[in-house]
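These are my notebook entries on one chain. I set down what I looked up, in the order in which I looked.

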Amino acid sequence: MTMRVLIVDDRPTNLRIYAQFVTIMGEKYSSVTFADPVEALAWLRQNKAELLVVDYRMPQMNGAEFIKKVRAMSNCSDVPAIVITAHQDRECRLAALDAGATDFLQSPVSHVEFCKRAMSLLTKNEKSVNLRKRASEIERKHAALAETVDQDVPASKSMLEQIIDTIPIMINATDRAGQCLFTNAYQSALFDKTPDQMVGENFSELLGPELAANSERRNNIVLKSEQPIPHYEEKFTSDGVELIFHCNKSPLLNHKGETIGVLTTAVDITARKFAEEHRTHLALHDMLTGLPNRALLAEKVRKAIDNCKKTGQEAALLLLDLDRFKVINDTRGHHSGDTLLREVADRLIEIIGPDDFAARIGGDEFAIILGKVDGADSINSRCTKILKAINQPYSISGVEQVIGASIGVSLIPTDGSEYEELLRLADLAMYDAKANGRNCHRFFSEGMNQIAQADAALEIELRDAINQNQFVLEYQPIVNAKTLNYVGLEALIRWEHPTRGRLLPIQFIRVAEDSGIMDGLGKWVIAEVCRQIRQFADEGVDLPRVAINVSPRQFQNQNVCEEILKNIDKNNIDPSKIVVEITEELLLDNNDHVRQTLNRLRKTGVGISIDDFGTGYSSLQYLRDLPANCLKIDRTFISRIEHSAADRAIIGTISHLAHALDMRVIAEGVENDAQLELLQVSGVDEIQGFKIARPQRVEDLPKLFLAHKRQSSCAAEG
């Protein structure tokens, strides 16, 4: 008999593909396709299908609505239904389950997965249908036999017995020795016998060894206690197909109320159980990768803690965060990012051991439980293997992509005996790995915990500092490399701490960035620089251009362009007085967005400077494409210029390149005469560093510029 698969999808291409998948399944299977779910429903009212394959998102009605209408039809109430959804459609799947869906496939659908799921459901459903048909046949034969007996003999079967034989529930009664006293047609059909043939048979000989042992054990409990055993599940395998039944056992009583045996009933719940398991899977697994989610991770960590306490063994919780994943999402699109995450998940599954556990807990963050470890060396080795696997190139849409990861490790139960604490400590260790160069692993240490506590206290103080106006600006002068005349300033934020004095950014900026406080500080710096330029101009002091450092976070969370232009306009200052300093990391992480913002700023006259050039990825492409008009060579090159011919060559090359692109070159971190002299002949345009001047307080700027103006005048007169 041919099994028909009804396929409903509003996209003709999908209909052709799924129909081809059905053809691949074999000659036993055929397909009927509809682009319109309304037409499909009309067809179902007159015809029968053994399987439904339905797309969730259709214009006339969604997949859940379609399944609900199908289930209302008397001839389709038990037809298995596969719903096709996108990767992250959790709510859609729940709605489809509520409507009566049996299984799901994720789009795009592979032919292997389609055929596997479809044939599994068809086989299970065929077995259940055949059982019901066999039971009906047995009942009809039994009824026909009863009509041939002597009319003077009472009817062989009462109406109640006939009803019991026709309902799709397995019913049997056994005596105290396990011999069959009675079965209905549905029960006997499972063993391909008639009810009469079953009488006198020993059920232990008909069931498999495991089922027989379970049944005998439960029968003994009922016989001994004379109490029922309700609500347990049992798996039966018939012709290689596994069916799940909801069972009950009760005492079988004679007319005196004595227990003479056991009455067993079993309802086929295979389809319902499948749906329940899928619902549970949805609640405990990540939709994109199929890995367990944070909820299941918490359960597994708690079990690992209990096991370690009982056995005295040690386990480890690894928190893994992909390095520079945001670059891929922003430059290649979310589809490529999703593909990469699934491949990372596949590699983790391949490399972890049978006692380990992997989960995706959000974004590009994964967690791994190493179930059995033997000291730090064992964990080091495992982490190295994991990083090596992740570091292998990925082919995303035909383009090779390489990515790294940072791993933080907390030990179970050495570092903690609570899930939340172990996760927090692994998180601290992971951030330590990122701070130490990325693509490595770090163990949690007590020192990290102390740092974290200090950071939390500092965050509170920072928030108070903003409200109490404790921040001030200092300005470091920038001079022309040849004339040493002042040509610019760099604005530097300082914190006037009430007890610790004036603090440098290195003492608080990391916490400000991590906590989000930097968003407010960045706005304040922009507004304060513009205000002070205006104030000095009103007092007769014409400040040169002022460079403002703009962090990657500001570009991500704020409209930096609007903020700068708003303050320029508010204070009525020349846009050329402002220079925006950005880092190479920002250029890579937000390429399109950054280019648009910087182009707009540059068109108004605002300067653009690339800070710390040479320490990051130094892409010639972004130098060519972006409207930057200044490169600032990082101080690490300057510090080695006296003793390193290579560094002198690098500085000369950068200067030549920048000039070819019509950019100025600033050397920062100049501290002595030798460095100054070498830089003056290397082609740099401007100099910044302690050799020239230390950062100046705001109140000292008028004196500095007036004194310099007098010196310049005297030099001109002489």
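I began with the surface: the accessible area of the chain is about 34700 Å², and carbon and sulfur atoms hold 51% of that. Such areas come from the Shrake-Rupley method with a 1.4 Å probe, and for residues only the protein chains shown count as cover. I note that the model is predicted, that local features need pLDDT of at least 70 and side-chain atom pairs pLDDT 80 or more, while totals for chains, interfaces and linings use all residues. Residues are numbered from 1 along each chain as its sequence is written, and side-chain values use heavy atoms, without hydrogens and water.

I then recorded burial: 49% of the 718 residues count as buried (under 20% relative accessible area; exposed is over 50%, partly exposed in between; 1.4 Å probe, protein chains only).

Next I listed 28 helices and 27 strands, which are DSSP runs (helices H or I, at least four residues; strands E, at least two) numbered from the N terminus.

I turned to helix α26, residues 645-660, and found Asp647, Ile651, Ile654, Ser655 and Ala658 buried. They lie on the same side of α26, because they cover an arc of only 100° around the axis, taken from the directions from the helix axis to the C-beta atoms. On the other side, Ala645, Thr653, His656 and Ala660 are exposed. The buried residues pack against elements including β23 (607-613) and α27 (673-682). Just after α26, I noted a positive phi of about 60° at Asp662.

Methods. Contact means heavy atoms within 4.5 Å.
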